[in-house]
Amino acid sequence: MNRKKLKILLSLFAFNSISLYLFFSSSDHHHKLLPGNHKPSPENLKTPPGNHPHFPTSPRAKPWPILPSYLPWSLNPNVALRSCEGYFGNGFTRRIDLRRSSVDKKSRVSGGGGWFRCWYSGTLQSSLCDGGRVRMTPERILMSVGGEKLEDVIGRKEDEELPKFEAGAFEVDAGEGFGDQRKLVDVEFLNRYVPEGAISRHTMRALLDSIRLVGSSEFKCDQWIEEPTLLVTRFEYANLFHTVTDWYSAYVASRVTGLPTRPHLVFVDGHCRAPIEETWKALFSSLKYAKNFSGSVCFRHAVLSPLGYETALFKGLSENINCHGAFAHDLWQNPDDLKTARLSEFGEMIRAAFGFPVGRHRILKPGSGHNILFVRREDYLAHPRHGGKVESRLSNEQEVFDALKNWASNYLECKINLVNGLFAHMPMKEQVRAIQDASVIIGAHGAGLTHIISARPETVILEIISSHFRRPHFALISQWKGLEYHAINLDGSYADPRVVLDQLNNIVKGLGC
């Protein structure tokens with residue numbers, strides 16, 4: 001009897017296995033999920049028309065990490081103008097559909113053609129845009145190739161590295177039966193939703209101006225990128241502050257457009273490689289320069305990231321953004337237009353991208369003490385037009401460092417570890433590690449201090465400011481993140497080590513030492 005039951009069970013198991021195999025191998029019974037782990041939309045179900053020599057598979061898209069300070073990015077039309085969410089979060093409340101994909105009402109399957117839309121922020125006075133079935137023809141973008149070694153392009157002019165777009169550098173599939181080519185947007189649209197403002201060369205505006213609508217019969221592609229892809233143009237690509245504004249803009253664009261995974265990245269510029277690229281690669285799924293593609297490239301979903309100059313991080317240098325950092329949990333329960341957790345969320349994103357823990361608080365191991373990180377300014381070759389010399393903001397930096405070193409070794413109340421932050425010669429991952437492990441970050445005004453965007457909530461900032469460089473960059477980032485901030489304003493560029501030590505003593509006492 002038992003043997004008979006066993007035979008029946010084995011037969012049922014075999015039958016079910018065969019049934020499952022036939023079900024999942026049959027294209028008539030299911031649709032494959034598109035790359036990116038999201039359900040297919042009507043716009044991208046249809047196989048693209050034309051002959052495609054190959055469809056290279058993109059590197060697997062990275063998932064979004066779990067971030068303690070994350071708050072939903074879903075569209076909220078009630079976001080107040082010039083509120084903190086308007087500046088730092090999803091203030092892109094006006095949607096402009098420039099091209100809709102035709103969809104069969106019964107089958108809900110795309111009848112052909114791509115789509116394109118923009119999201120406008122009245123607070124930032126800028127737009128981010130995205131579209132489906134977008135073709136890029138690199139030969140119509142006039143710029144250097146990009147991605148070269150720095151030493152191979154010494155002396156190259158910046159103008160050669162910035163893109164100039166010919167008509168049709170980018171195109172959108174307008175579907176079957178579409179007539180003659182025409183522009184996607186006109187000057188009136190650009191002036192209203194992508195104004196130049198104080199930006200002398202607005203490359204994303206120029207990219208939009210180059211986009212043409214073409215019929216499906218003309219929409220031929222040498223290769224396809226199946227997963228969402230960010231198109232980014234950088235200007236001051238070797239400067240950490242300006243690069244952080246680009247990182248933040250790319251992050252916001254990814255979240256506002258609801259990308260289910262971290263997008264791939266295409267640099268629409270011709271800059272050479274820089275050490276900062278390490279963080280771009282960590283944050284996003286992959287990276288490639290536009291001119292490194294051979295032939296035309298078609299994107300299932302392309303997202304145009306606004307310029308870093310259009311972020312609140314940059315705009316706050318010239319306009320009053322009255323926002324203060326707060327914990328996401330508190331804002332979830334009690335929303336406040338004058339508070340934000342977005343920069344804390346982004347700082348956690350950077351740490352998570354490198355595989356570091358993203359908990360709110362630092363857990364000190366017994367006997368480990370407090371790290372005091374002194375961010376140094378060093379000579380290094382930044383870009384092809386740079387002489388390798390960095391302008392000094394603190395004329396006696398070594399004297400101050402030596403005084404701090406002596407003070408730390410003789411401090412008896414608790415263990416103090418003075419960390420020599422020679423960032424110009426450290427990998428980006430190690431720079432971020434030094435920031436996250438620091439209880440106090442001290443340094444002269446300079447781009448390296450922008451790393452405080454990745455600092456933990458209880459970190460204290462001490463900035464030494466020369467009278468020649470009184471700029472609010474790091475006071476503002478500290479305010480917007482909710483970090484404790486102190487400044488020593490110098491008369492000239494010389495800092496009395498005793499003044500620095502007095503400030504540091506008071507800070508350390510506040511840490512419980």
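Predicted model: local features only at pLDDT ≥ 70, side-chain atom pairs only at ≥ 80, totals over all residues.
Two packed helices are described by the angle between their axes and the distance between the axes. On the H6 side, the contact is made by Val244, Trp247, Tyr248, Tyr251 and Arg255. An α-helix has 3.6 residues a turn, so residues three or four places apart point the same way. H10 contributes Arg342, Leu343, Glu345, Phe346, Met349 and Ile350. By class, the contact holds eight nonpolar residues, three charged residues and no polar ones.

Strands of a sheet pair through backbone hydrogen bonds, either parallel or antiparallel.

Two pairs show the two senses of pairing. E4 (residues 115-121) and E5 (residues 126-132) are antiparallel and share seven bridges. In this pair, Cys118 stands opposite Cys129 of E5. E13 and E14, in contrast, run parallel and are joined by four bridges. There, Leu231 stands opposite Val266 of E14.

Which way do the side chains of E14 (residues 264-267) point? His264 and Val266 point one way, and Leu265 and Phe267 point the other way. All four are buried.

Why is H5 described as largely enclosed by the rest of the structure? Six of its eight residues are buried, so the helix has most of its length covered in that sense. The buried residues are Thr203, Met204, Arg205, Leu207, Leu208 and Ser210.

The loops deserve a look too. Start with Arg300, in the loop between strand E16 (297-299) and E17. Arg300 has a relative accessible area of 13% and therefore counts as buried, because the cut-off is under 20%. The side chain of Arg300 makes a polar contact with the side chain of Glu226, at 2.8 Å.

Gly295 sits in the loop between E15 and E16. Its relative accessible area is 17%, so Gly295 is buried. Beyond its neighbours within four places in sequence, Gly295 is in contact with Met136, Pro138, Glu139 and Asp222. Met136 is 159 residues away from Gly295 in sequence, yet their C-alpha atoms are 8.9 Å apart.

Leu490 belongs to the loop between strand E24 (484-489) and helix H14 (497-510). With a relative accessible area of 5%, Leu490 is buried. Leaving out residues up to four places away in sequence, Leu490 touches Leu394, Ile464, Ile465, Ser466, Ser467, Arg470 and Ala495. The C-alpha atoms of Leu490 and Phe469 are separated by 9.8 Å, and the two residues are 21 apart along the chain.

Arg82 has a phi near 60°, a positive value in a residue other than glycine. Arg133 is not a glycine either, and its phi is also positive, at about 60°. Where do these residues lie? Arg82 is found in the loop between helix H1 (2-25) and helix H2 (84-88). Arg133 is in the loop between E5 and strand E6 (134-136). Is each one buried or exposed? Arg82 is exposed, with a relative accessible area of 54%. Arg133 is buried, with a relative accessible area of 6%.

Key: Residues numbered from 1 in each chain as written. Heavy atoms only, no water. Pairing = 2+ DSSP bridges. Helix = DSSP H or I, 4+ residues; strand = E, 2+ residues; numbered from the N terminus. Buried < 20%, exposed > 50% of the residue type's maximum accessible area, 1.4 Å probe, protein only. Contact = heavy atoms within 4.5 Å. Polar contact = N/O pair within 3.5 Å; in protein donor to acceptor, adjacent residues only side chain to side chain. Nonpolar A, V, L, I, M, F, W, Y, C, P; charged D, E, K, R; others polar.
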